[in-house]
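Colleague: I would like to learn how to read a model like this one. Can we take it feature by feature?

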Amino acid sequence: MSPQQINSEENPFEAMSARFKIAADKLGLEPGMFQVLLTPDREITVAIPVVMDDGALQVFTGYRVQHSLARGPAKGGIRYAPNVHIDEVRALAAWMTWKCAVVNVPFGGGKGGVICDPFKLSKGELERITRKYVARIMDFIGPDRDIPAPDMGTDGQVMGWFLDTYCNYQGSYVPAVVTGKPIALGGSAGRIEATGRGVMIVTRQALAHLGMNPKQSTAAIQGAGNVGLISAMQLASIGVKTLAISDIHGALYNKNGLDLDLIAKHLAKARNLDGLTCGDRISNEQLLELPVDILVPAATENVITSKNANNIKARVITEGANGPCAAEADQILDSKGVFVVPDILANAGGVTVSYFEWVQNRMGFAWKQQEVEDRMEHIMVESFQSVVGMSKRFQVSNRIAAYILGVDRVADATRRRGIYG
Ligand code: NAD
C-alpha cells in the first residue's frame, strides 16, 4: 500500500502533524525547529526472509522509525499486523516522542512494525520472523540507542526472542535492550498492567475534575487486549461498571454490566470474544456510540472520525489506543464538551513502567510491585495536572495542551544540544 492509498483523515501521520502544527503555532516555534521536530530522525525498512513451516520461503517487510533522539534513546513498541503502514509507524514513533516528554521520562520516540498476521502464523514462524527482524535492525538498537517493547500483535514472548537474539549477537546479557519482557528475563513487576492501570488513574482524575462519581459511572471499552481488558478491570477496582467490550470482530454489550472475570478467563484460552453469552452482540461502531459516561478506545487508530464524532454520547474519552480520534473529530468533540484525555497522556502508564524496567535492568535490581505502582501513580497524576494546567493557560483542549507540553520539552532539549555539523 502506498501512502497515497490512505485518505488524509485516516492517515495517522497527518493526524499527528495537524495537532503538532497547532501546538507549534501556540508555542511560536521557529520554522527551522518546526521542521526538525516534525521530521523523523531515522527510518529503517528491512526485508525479512523466513522459511515457513511448509518449507516455502516468504519475505516480510519490517520498519523501525526513530522519530527523535533529542531527550534520550528512542523508545517504542513493535506492531505485528497485516496492515502496518510506514505512515502509521512514523506517527506512532512521533507520538512516543511527545508521550515520553509529557510524562518526562528520559527517552525519545521510536516505533517498529512488521507486515504480517500474527494470528495466522505458527509459533515457530513468529519466532523466526522476530529473530530475523532483530538481526536486520541490530546496529540501530540497544539500551542507549533504541529500546523496543510490545505493541499490537506482540507480547512478552516476542520480547523474549528479541532479547535472546540481541544477546547472542552481542555476546553478553543486555536485558535493557527491550522492555515488556517476561519477569524471568528481567521484566518489571506491574508492566503487564501498567497501561490499563494508567488509563484508570487518568480517568479517575478526569472524573474527579468533572465532579463525577466513579461508582455511578459506566464505561464502554473498544479492544479487549492488553490495554482494553486491563483498563476495564482497573476501572472496576474504582467502581466503574463496564457495559461493553469488543475485539476486532465485534462487541459484547450488557446494560447491567459485564462479567469481566469470565471474559478474562475466556480470552486467555480463546483470544477472542466468540462463544461468550454474557451479553448481546453489537458492532464496534455501535459500541462507540453507546450512552455511557466513559469511552475507552483501546484498539487502533481513527475509530472516531468526522463521521461518527457527533454521535458519541460519553462525557469522558480516555484514549487507551494511540491515535483513535482523527484530527477532524477533535473540534466536534470539543464543541460537544467531551472531556478527552489524549493518548499521549492516557496510555503513558506503559512507557512509564517500561522506563522503570530499563532503570531496574541497568541497576541489576528488581523493585516490588507496590514501588512500581506508587512511582507510576505519582507520574500519571502529576502529568494529568500539568496537561489540565496547560489547557487553562493556553485556552486549548487537553489534546493540544499535551502536545504543547511535549513539544516544548523536546524543542528545549534540541536547542540546548544544538545542531551538530
Ligand atoms: P492487543 O493486540 O493486546 O489488543 C488489541 C485489541 O484490539 C484486540 O482485542 C483486537 O481484537 C482489537 N482490535 C484490533 N484491531 C481492531 C479494529 N480494527 N477494531 C476493533 N478492535 C480491534 O494490543 P494492545 O497492546 O492492547 O494495544 C492496543 C492499543 O493500545 C494500540 O493502539 C497500542 O498502540 C496502544 N498502546 C499499547 C500499549 C501497551 O502497553 N500494550 C501502551 C500504549 C499504547
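This is a predicted model: local features need pLDDT of at least 70, side-chain atom pairs count only at pLDDT 80 or more; totals for chains, interfaces and linings use all residues.

Colleague: What area is buried between domain 1 and domain 2?

Modeller: Buried area is summed over both parts. For domain 1 and domain 2 the figure is about 870 Å², and carbon and sulfur atoms give 58% of that. On the domain 1 side, W95, K99 and F119 lose the most area to domain 2. Together these three account for 49% of what that side buries.

Colleague: Now the ligand. Which residues come nearest to the ligand?

Modeller: Take the shell as residues with a heavy atom within 4 Å. There are 22 residues around the ligand, and D151, T195, V227, I248 and N322 come nearest. By class, the shell has seven nonpolar, eleven polar and four charged residues.

Colleague: Where in the fold does the shell come from?

Modeller: Domain 1 (39–179) and domain 2 (192–346) each supply at least three residues of the shell. Helices α6 (191–210) and α7 (226–237) each supply at least two.

Colleague: Which polar backbone atoms lie by an oxygen atom of the ligand?

Modeller: For a polar contact, look for N or O pairs within 3.5 Å. A polar backbone atom of I248 is 2.9 Å from a ligand oxygen. For a polar backbone atom of G320, the distance to a ligand oxygen is 3.4 Å. The side chain of R191 also takes part: one of its N or O atoms is 3.3 Å from an oxygen of the ligand.

Colleague: How much of the ligand does the protein bury?

Modeller: Compare with the ligand taken alone. Alone, the ligand exposes 830 Å², and the protein buries 82% of that.

Notes: Residues are numbered from 1 along each chain as its sequence is written. Side-chain values use heavy atoms; hydrogens and water are left out. A polar contact is a pair of N or O atoms within 3.5 Å; within protein, one must be able to donate a hydrogen and the other to accept it, and residues adjacent in sequence count only if both atoms are side-chain atoms. Accessible areas come from the Shrake-Rupley method with a 1.4 Å probe; for residues, only the protein chains shown count as cover. Helices (H or I, at least four residues) and strands (E, at least two) are DSSP runs, numbered from the N terminus. Ala, Val, Leu, Ile, Met, Phe, Trp, Tyr, Cys and Pro count as nonpolar, Asp, Glu, Lys and Arg as charged, and the others, Gly among them, as polar. Domain bounds come from an automatic or database domain assignment. Buried area is the accessible area (1.4 Å probe) that two parts lose on being put together, summed over both.
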